[in-house]
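Work through the following exercises with the sequence and the model side by side. Each task is followed by a solution that goes step by step.

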Amino acid sequence: MTSETPFQGATPVASADPQAADWVRVLAHYRQPDTARSVFEIAVTLFPFLGVWAACFVLLPVSPVLCAALAAVNGLFLVRLFCIQHDCGHGSFFANRVLSDWVGRAIGVLTLTPYDVWRRSHAIHHSAAGNLARRGIGDVMTLTVEEYRRRGWFGRLKYRAYRNPAVLFLLGPAYVFYIENRLPLGQMDGGWRIWTSSAGTTVGALAVLLVLLWFGGLAAVALIFVPTTLVAATLGVWLFYVQHQFEVTHWDQPEAWDVHDAALHGSSHYVMPGWLQWFTANIGIHHVHHLYSRIPFYRLTEVLRDHKVLAEAQRLSIAESIACARLHLWDEKQRRLLSFAEARRTYAAA
């Protein structure tokens with residue numbers, strides 16, 4: 001970042017660039033998936049994932065520590081499987097929607113994420129991201145400065161606890177993937193498909209656990225299943241966080257909110273090393289994804305190659321993203337996220 005930049009965390013699109021809505025027509029040219037490429041991406045993710053778990057079984061009686069370490073590393077492959085499931089949910093991974101749905105449901109057993117439940121909440125997230133009146137489903141809870149100030153001491157304490165990094169990135173992921181995903185309490189109006197998805201995924205996950213117990217006992221669950229799924233859950237929640245929780249993100253009241261502006265300006269371009277970009281299936285190119293969610297992840301790099309303005313927009317480095325964990329409140333006046341300390345200094349006298 002240059003010294004003239006008055007903010008940290010992401011580089012916005014210049015005002016002279018095309019309007020956000022105009023990008024939809026441009027990006028439509030990248031929406032067509034390649035079936036062979038999609039099958040290949042599944043193969044180079046699923047087979048290594050299963051292979052690493054097999055290696056963990058071999059290591060388990062020899063070196064439990066190495067077994068657990070290898071299982072934790074395998075969380076990276078599980079993150080990539082989740083990203084493929086994510087593309088299936090958008091109908092972008094295969095041209096055949098039925099095939100996409102069933103591949104997504106099968107992967108959901110490994111990611112502990114009921115596909116139809118997640119697809120519904122994620123669709124709401126895409127349709128409401130950045131809209132202050134539609135927070136609460138598929139997003140990280142974010143209060144405005146004024147909302148926080150209006151809360152009593154207990155309400156503030158609860159919000160501070162929720163936004164604590166230990167809760168957001170350690171306890172939270174474990175709760176969401178091990179407990180919350182087992183019962184779609186927030187989507188009871190979704191009909192039989194939601195309940196079937198939740199129950200079916202849970203039954204499938206239990207079957208995986210029973211296989212692990214049969215061949216490796218409790219040690220296999222504790223040293224293979226838990227490290228893999230917990231690392232994947234933590235990384236997944238972190239990625240989701242930095243995709244929208246950076247200093248110059250985009251929130252508006254309904255009357256001023258526009259879905260395309262929110263997609264482009266409220267989603268980051270998380271710049272990662274090549275190997276990490278591969279494991280996260282280009283999900284860091286999130287501003288393009290939100291502009292046009294039907295683009296398969298393996299074509300997102302084509303967009304950046306062809307459109308320099310998008311390649312340079314909303315860039316967020318790993319070092320800059322770490323600082324985003326201290327941001328907690330949206331300031332509607334300054335139009336940026338503040339830390340609790342910044343909000344207190346700015347509005348203490350107000």
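**Exercise 1.** How do the residues of the lining of the largest pocket divide into nonpolar, polar and charged?

*Solution.* The model is a predicted one, in which local features need pLDDT of at least 70 and side-chain atom pairs count only at pLDDT 80 or more, while totals for chains, interfaces and linings use all residues. Residues are numbered from 1 along each chain as its sequence is written, and side-chain values use heavy atoms, with hydrogens and water left out.

Begin with the classes: Ala, Val, Leu, Ile, Met, Phe, Trp, Tyr, Cys and Pro count as nonpolar, Asp, Glu, Lys and Arg as charged, and the others, Gly among them, as polar. With these classes, the lining of the largest pocket has 30 nonpolar, 15 polar and 3 charged residues.

Grid points are joined across faces, edges and corners, and a volume is the space filled by probe spheres set on the points. The largest pocket has a volume of about 1,400 Å³. Of its 48 lining residues, G138, D139, V176, E180 and N181 are the closest to the centre. Two or more residues of this lining come from each of α4 (75–89), α6, α9 (165–178) and α10, where helices (H or I, at least four residues) and strands (E, at least two) are DSSP runs numbered from the N terminus.

**Exercise 2.** Describe the cavities, stating which residues and elements line them.

*Solution.* The structure holds 2 cavities of 30 Å³ or more. The largest cavity contains about 170 Å³ of space and has 20 lining residues, with H125, A129, G130, D139 and W251 nearest its centre. At least two of the lining residues come from each of α6 and α10, and α10 gives the most, with 3 residues. By class, 8 residues of this lining are nonpolar, 9 polar and 3 charged.

The second largest cavity holds about 40 Å³, and its lining consists of C83, H86, D87, T280, A281, I283, H289, I295, F297 and L300. Here α4 supplies the largest share, 3 residues, and the classes are 6 nonpolar, 3 polar and 1 charged.

**Exercise 3.** At what angles do α5 and α10 pack against α6?

*Solution.* Axes are lines fitted to C-alpha atoms, for helices over the stretch in contact, and angles run from 0 to 180 degrees between N-to-C directions. Angles under 35 degrees count as roughly parallel, over 145 as roughly antiparallel, 65 to 115 as roughly perpendicular and the rest as oblique.

Helix α5 (residues 97–111), in turn, packs with α6 at an angle of about 110°, with the axes 9 Å apart, so α5 is roughly perpendicular to α6. From α5 the contact draws on R97, S100, D101, G104 and R105, and from α6 on Y115, D116 and R119. This contact has 1 nonpolar, 2 polar and 5 charged residues.

**Exercise 4.** Which residue forms a salt bridge with R135?

*Solution.* A salt bridge is a side-chain nitrogen of Lys or Arg within 4 Å of a carboxyl oxygen of Asp or Glu, and the whole structure has 15 of them. The partner of R135 is E147, with the closest N and O atoms 2.6 Å apart. Since R135 lies in the loop between α6 and β1 (143–144) and E147 in helix α7 (residues 145–150), the pair ties together parts that are 12 residues apart in sequence.

Methods:
1 Å grid on protein atoms, 1.4 Å probe; cavity = no way out; pocket = protein on both sides within 12 Å on 5 of 7 lines; lining within 4 Å. Contact = heavy atoms within 4.5 Å.
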